Number of protein chains: 6
Amino acid sequence: MSVPGTNDFSRPSGRTPEQLREVRIERAFTRHAEGSVLISFGETRVLCTASVENRVPAFLRGKGEGWVTAEYGMLPRATNTRNDREAARGKQGGRTLEIQRLIGRSLRACVDRKLLGERTITLDCDVLQADGGTRTAAITGAYVALVDAVNWMIKRGDIKPKAGRSPIFGAVAAVSVGIYRGVPVLDLDYAEDSDCDTDMNVVMNDGGGFIEVQGTAEGHAFRREELAAMTALAEVGIGELVAMQRAALGL
Amino acid sequence: MSVPGTNDFSRPSGRTPEQLREVRIERAFTRHAEGSVLISFGETRVLCTASVENRVPAFLRGKGEGWVTAEYGMLPRATNTRNDREAARGKQGGRTLEIQRLIGRSLRACVDRKLLGERTITLDCDVLQADGGTRTAAITGAYVALVDAVNWMIKRGDIKPKAGRSPIFGAVAAVSVGIYRGVPVLDLDYAEDSDCDTDMNVVMNDGGGFIEVQGTAEGHAFRREELAAMTALAEVGIGELVAMQRAALGL
Amino acid sequence: MSVPGTNDFSRPSGRTPEQLREVRIERAFTRHAEGSVLISFGETRVLCTASVENRVPAFLRGKGEGWVTAEYGMLPRATNTRNDREAARGKQGGRTLEIQRLIGRSLRACVDRKLLGERTITLDCDVLQADGGTRTAAITGAYVALVDAVNWMIKRGDIKPKAGRSPIFGAVAAVSVGIYRGVPVLDLDYAEDSDCDTDMNVVMNDGGGFIEVQGTAEGHAFRREELAAMTALAEVGIGELVAMQRAALGL
Amino acid sequence: MSVPGTNDFSRPSGRTPEQLREVRIERAFTRHAEGSVLISFGETRVLCTASVENRVPAFLRGKGEGWVTAEYGMLPRATNTRNDREAARGKQGGRTLEIQRLIGRSLRACVDRKLLGERTITLDCDVLQADGGTRTAAITGAYVALVDAVNWMIKRGDIKPKAGRSPIFGAVAAVSVGIYRGVPVLDLDYAEDSDCDTDMNVVMNDGGGFIEVQGTAEGHAFRREELAAMTALAEVGIGELVAMQRAALGL
Amino acid sequence: MSVPGTNDFSRPSGRTPEQLREVRIERAFTRHAEGSVLISFGETRVLCTASVENRVPAFLRGKGEGWVTAEYGMLPRATNTRNDREAARGKQGGRTLEIQRLIGRSLRACVDRKLLGERTITLDCDVLQADGGTRTAAITGAYVALVDAVNWMIKRGDIKPKAGRSPIFGAVAAVSVGIYRGVPVLDLDYAEDSDCDTDMNVVMNDGGGFIEVQGTAEGHAFRREELAAMTALAEVGIGELVAMQRAALGL
Amino acid sequence: MSVPGTNDFSRPSGRTPEQLREVRIERAFTRHAEGSVLISFGETRVLCTASVENRVPAFLRGKGEGWVTAEYGMLPRATNTRNDREAARGKQGGRTLEIQRLIGRSLRACVDRKLLGERTITLDCDVLQADGGTRTAAITGAYVALVDAVNWMIKRGDIKPKAGRSPIFGAVAAVSVGIYRGVPVLDLDYAEDSDCDTDMNVVMNDGGGFIEVQGTAEGHAFRREELAAMTALAEVGIGELVAMQRAALGL
């Protein structure tokens with residue numbers, strides 16, 4: 001992949017434009033949840049748990065299908081200055097709702113809900129420490145927790161995969177890309193995120209298909225070529241993330 | 001522009017893939033607001049008002065800058081079946097918050113907030129009737145209401161454009177694109193939206209720059225080529241919408 | 001009818017004391033609702049939709065009766081200065097609740113709920129533009145939307161009128177009256193409403209019976225004779241409004 | 001006063017049509033408030049306290065005027081079956097808001113707010129036991145609490161009545177009237193209220209002027225003559241209530 | 001019992017350290033509730049009602065057991081300065097929730113819920129006037145209201161005591177104790193409560209067993225001996241309160 | 001210390017009655033907060049962060065004093081079955097409010113708020129995994145985070161300790177004790193907590209003084225001797241915890 005660069009370009013972290021931060025995926029981080037993953041994208045750390053419940057939302061009752069949904073939260077001091085606790089304020093903010101809707105949609109894209117039966121899997125993604133890219137880390141980690149929860153169900157015999165088919169097909173991962181000082185870069189940290197021209201979150205599957213693309217011009221509008229360069233970078237990054245998910249799962 | 005198509009492909013509305021619905025822009029629809037526009041994208045009708053107030057949010061106080069923000073609502077029976085009134089439920093839903101954040105960001109992209117002074121312009125986008133594409137119609141209509149409100153301020157002498165520069169630079173419009181039965185199509189109506197594989201909302205300026213790109217795979221993940229075809233379609237549609245905005249404003 | 005007046009009395013609008021504003025009733029204003037009416041009392045414009053649903057509130061379940069209820073809202077910039085959006089504030093204000101309770105009670109007064117079956121008709125009254133008298137316009141318009149919705153049900157065969165009886169008996173309309181500069185006047189606009197001594201909302205049926213009378217002394221307490229003069233004026237105005245409702249319905 | 005009646009007419013309580021329930025007004029019922037009155041209309045018992053605070057709402061700041069406002073509540077088991085506690089439900093219902101707005105408006109009608117200075121008097125009306133007519137008892141009792149609070153302020157020298165004028169001019173009292181089994185009756189108790197054709201709440205001052213008139217047809221619409229008979233009954237009842245207020249105040 | 005004291009020690013009220021305030025228990029204070037008690041601990045007055053309903057919370061449905069729960073409220077002007085009405089603020093405060101949880105737990109400690117059947121008894125404790133010790137007065141009074149409600153159920157035949165056993169076993173009462181100016185004192189009033197070093201609420205049954213002990217160091221941490229002295233004082237006080245409960249119930 | 005025991009008594013964990021679970025205290029667990037401690041009491045893990053802000057609540061403004069407060073939360077899947085997220089439900093539950101009030105009070109007991117200046121330290125205690133004793137672990141860990149935050153302030157020169165005095169005097173720690181199968185035991189885990197007769201939370205300082213004592217009879221009322229045995233056990237446990245706090249702080 002060719003990325004435009006100049007001699008004097010450097011990222012605050014010293015990474016190359018197409019370099020992910022160090023990614024760590026720790027399974028079974030807590031003990032009660034059917035899946036529990038602590039994922040780190042550099043200094044961003046998100047605890048993703050998957051909880052299985054034998055009920056579905058009202059709009060699905062009696063249809064023989066399951067549901068996959070997500071909730072997102074940030075501990076008040078996950079960030080540099082303390083944010084109000086949403087539970088104390090009495091409502092989740094727009095950013096929170098937007099992110100948890102994105103996580104839910106992204107993971108439903110790799111689940112055959114008919115095979116789940118009338119069960120709900122809730123993915124709770126709680127940010128312990130934030131340094132940019134919390135939503136992409138959350139999606140990438142939640143996928144691993146989801147696989148663990150489904151395997152737990154299969155092991156217990158709750159789900160009987162038909163013809164060997166698991167309710168989960170393929171993998172889903174996410175990464176941010178952006179234009180930082182004129183250069184397309186992969187996996188923005190907070191220093192880059194708060195100072196970039198364009199910020200894009202990309203969710204893809206392991207087959208190279210796009211599930212979500214959300215790009216926002218922060219400083220100036222971006223061009224078609226920049227969009228292409230960013231999505232190309234994202235493809236590279238997601239390829240690596242999917243490999244790490246597989247490694248973490250022992251596949 | 002070349003769009004893949006087949007002999008037996010047809011849209012529910014009978015439109016060609018690259019054809020917008022009939023767009024109408026009616027200024028001064030209500031009398032109190034500084035800008036008031038009823039915009040129709042076919043059967044989708046959104047009332048966009050711009051209100052000027054001599055105050056800014058706390059985080060901007062004393063900085064000599066203005067603010068542009070948006071709120072979005074849907075009348076309970078704008079849709080085929082009645083939705084609960086958000087005021088009665090006691091909160092705005094995630095979809096509402098997501099859309100109003102998008103509208104606000106999109107319009108701030110064409111405003112020099114320093115030139116506004118310490119004033120807030122609120123764009124209220126209320127859907128009277130929904131048939132798909134309410135957020136893109138809202139952005140396109142809100143731009144016209146915003147221009148009217150800024151011109152009202154200039155006329156009153158509240159704003160003195162420096163060196164002839166208005167606080168508004170360029171134009172902003174939005175349209176949806178999608179993959180319907182395998183074919184990229186422009187400006188989805190509800191029948192298409194609820195039955196398509198991919199749905200993407202694109203916000204652009206009149207210089208051909210992207211401000212927001214939000215694509216979601218509904219049925220199957222989309223490919224890089226599909227993304228390119230959709231953004232190309234969006235560019236065409238937005239060019240037409242910007243021309244209609246100019247015509248409505250008498251420019 | 002005799003109305004006290006003086007040579008130098010004039011209403012801001014130039015109307016005579018017993019003159020209504022121009023009233024327009026536009027049916028089928030939006031397409032999804034079973035009844036949809038845009039009513040104008042001069043510059044006051046209210047969109048009234050009637051929605052039919054096959055369920056009743058908990059307190060009526062299993063009783064074989066239907067329910068008629070109303071919700072009221074005002075777009076944030078329906079008024080001269082922008083009001084906070086109730087959905088964003090997280091609750092409906094006291095004035096809103098008071099008005100929607102009044103609309104609901106008023107319309108239930110002309111419905112035989114047993115003949116409706118276990119169905120709910122919700123009348124959503126949303127003020128697009130306010131210039132005084134929004135609640136009386138809402139009641140008058142909601143009646144027409146209600147008739148349209150009931151006729152839609154009859155046409156579909158959902159309701160089988162017994163012995164030719166529709167669930168709706170008679171008509172209901174409403175108007176405001178007040179004492180403006182010492183003179184009883186009909187159908188106050190905002191300029192009069194904010195500067196009058198007494199403001200009264202009257203709801204009546206087409207048989208000349210009172211359904212609701214709500215009078216408030218704003219400046220000084222009113223006398224028995226003033227009450228009588230105001231209710232007499234209201235009778236005249238409501239007679240005219242009922243005729244316009246009939247005309248709009250093609251009766 | 002002539003009231004239509006028949007030989008076989010009787011009220012559940014055995015009262016004559018124009019007879020009030022036994023009214024008791026007990027001042028200084030609690031010790032902390034500047035005014036504290038327990039008022040009984042028969043079995044209806046409302047505790048009305050007046051609290052003086054040295055601040056005004058935002059819309060009055062710096063105008064040199066005071067404010068008088070009211071809040072209304074009902075203990076959960078003031079009624080025959082337990083009602084949810086509004087504090088636990090997280091909001092005041094429409095009926096509560098409607099009543100407290102009525103109480104506030106009614107008492108502001110006898111106060112010269114300029115003479116109060118920048119102070120707020122809050123009238124809390126809490127129903128300990130309900131048997132119909134809680135809002136009219138509340139208004140009648142709150143007036144006495146208000147007078148006590150204003151006299152407390154005068155005694156402390158907080159208010160210096162100009163030319164001997166107290167901020168309170170005249171008196172305000174309220175009573176319900178209705179048509180019960182065809183007969184206009186005064187001061188409905190719960191047994192009558194839940195079984196009457198028409199229910200009207202009337203607020204008047206001691207000069208015979210109307211401050212609020214709120215009539216609702218419950219069973220059938222009422223006629224002009226019935227309205228006149230009810231308001232005439234109310235005048236009689238309020239005359240008696242004002243006398244009792246004066247007696248309680250030792251005037 | 002030995003209580004340390006000095007010659008110059010005196011309580012604001014003139015009471016001796018081990019002296020309760022005057023306690024009054026008035027049954028049938030209001031008429032609708034199955035049990036209704038006005039209890040006074042000196043100037044603290046709390047209305048405690050017991051309401052019986054034929055339903056249980058979701059977590060008990062179908063288990064054949066009943067439930068006992070409590071709600072607590074304070075009228076806005078029960079205190080020296082007015083507190084916001086919790087219903088108007090839209091939520092119950094932490095102190096309120098803490099107290100009502102305590103009342104509920106305390107009374108469940110003397111009820112055999114199996115003998116209640118699937119019924120809920122709700123104890124509403126509303127403070128009409130506060131002078132310290134509202135929660136302990138509430139518990140002591142709620143017990144009497146609870147007994148009245150259970151006896152009402154037995155009388156109606158709703159409950160058939162097995163082998164003569166009532167669902168209520170023993171009695172429950174509560175009192176506060178504290179260290180005031182170095183001396184352990186019983187039943188703190190507001191003057192003491194706001195100026196003491198340690199404040200402890202103790203709930204006991206009539207067999208001398210502790211149900212709840214909640215002690216808080218206000219000024220300095222307390223020692224093991226002080227804890228012992230306070231609990232000893234509480235035992236004495238609760239013995240007296242239980243005797244008064246019995247007397248009030250005519251036992 | 002003598003603890004009653006029998007030959008066949010055993011705790012689910014195999015611990016002796018007076019044995020704490022393994023306690024770990026990990027400082028600087030996250031990087032943004034001025035103090036950040038992950039504390040474990042066995043399988044209970046709580047993240048405690050201390051955030052310093054240059055503002056105080058309204059009731060302290062201009063008094064030259066600081067404030068110390070706490071917030072408590074539990075991740076939805078910290079427990080065996082998933083709990084609703086409080087931010088999504090729109091309010092904090094009674095248990096949460098009760099616990100965070102307890103944590104705040106406990107830590108204020110070791111702070112000289114005058115020496116803090118007009119600053120607020122907020123202790124956020126978020127339970128990552130629950131196995132009984134979350135509130136006592138939270139208090140014990142929050143103390144360490146508080147010390148770290150105050151030392152950070154001293155280092156920066158924000159606070160100038162007068163005569164070498166830090167705003168923090170002494171130490172505060174907490175532990176639970178209970179009667180499990182008739183035997184007083186220290187530091188209950190979930191298996192014991194849900195099956196014990198009495199549960200008591202004790203907060204003490206390093207001088208052996210009690211700050212909070214909260215005991216609840218779950219099964220049967222407890223006796224004076226049991227209270228004494230439990231507080232004696234708590235003293236032992238807190239002595240050990242204070243030593244661990246000192247070790248963690250390198251003192």
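Guide: Contact here means heavy atoms within 4.5 Å. By that rule, chain C and chain F do not touch.

Visitor: How far apart are the nearest C-alpha atoms of chain C and chain F?

Guide: They are 11 Å apart. Before we go on, this is a predicted model, where local features need pLDDT of at least 70, side-chain atom pairs count only at pLDDT 80 or more, and totals for chains, interfaces and linings use all residues. Residues are numbered from 1 along each chain as its sequence is written, chains are lettered from A and ligands numbered from 1 in the order in which they are written, and side-chain values use heavy atoms, with hydrogens and water left out.

Visitor: Thanks! How many residues does the contact take from chain F and from chain A?

Guide: There are 38 from chain F and 38 from chain A.

Visitor: And what area do chain F and chain A bury between them?

Guide: About 3,000 Å², with 48% of it on carbon and sulfur atoms. Buried area is the accessible area (1.4 Å probe) that two parts lose on being put together, summed over both. On the chain F side, F:His32, F:Arg77 and F:Arg82 lose the most area to chain A, together 25% of what that side buries.

Visitor: Switching to charges, how many salt bridges are there across the interface of chain F and chain A?

Guide: The rule finds 14, counting a side-chain nitrogen of Lys or Arg within 4 Å of a carboxyl oxygen of Asp or Glu.

Visitor: Which residue does A:Arg31 form a salt bridge with?

Guide: Its partner is F:Glu43, and the closest N and O atoms are 3.7 Å apart.
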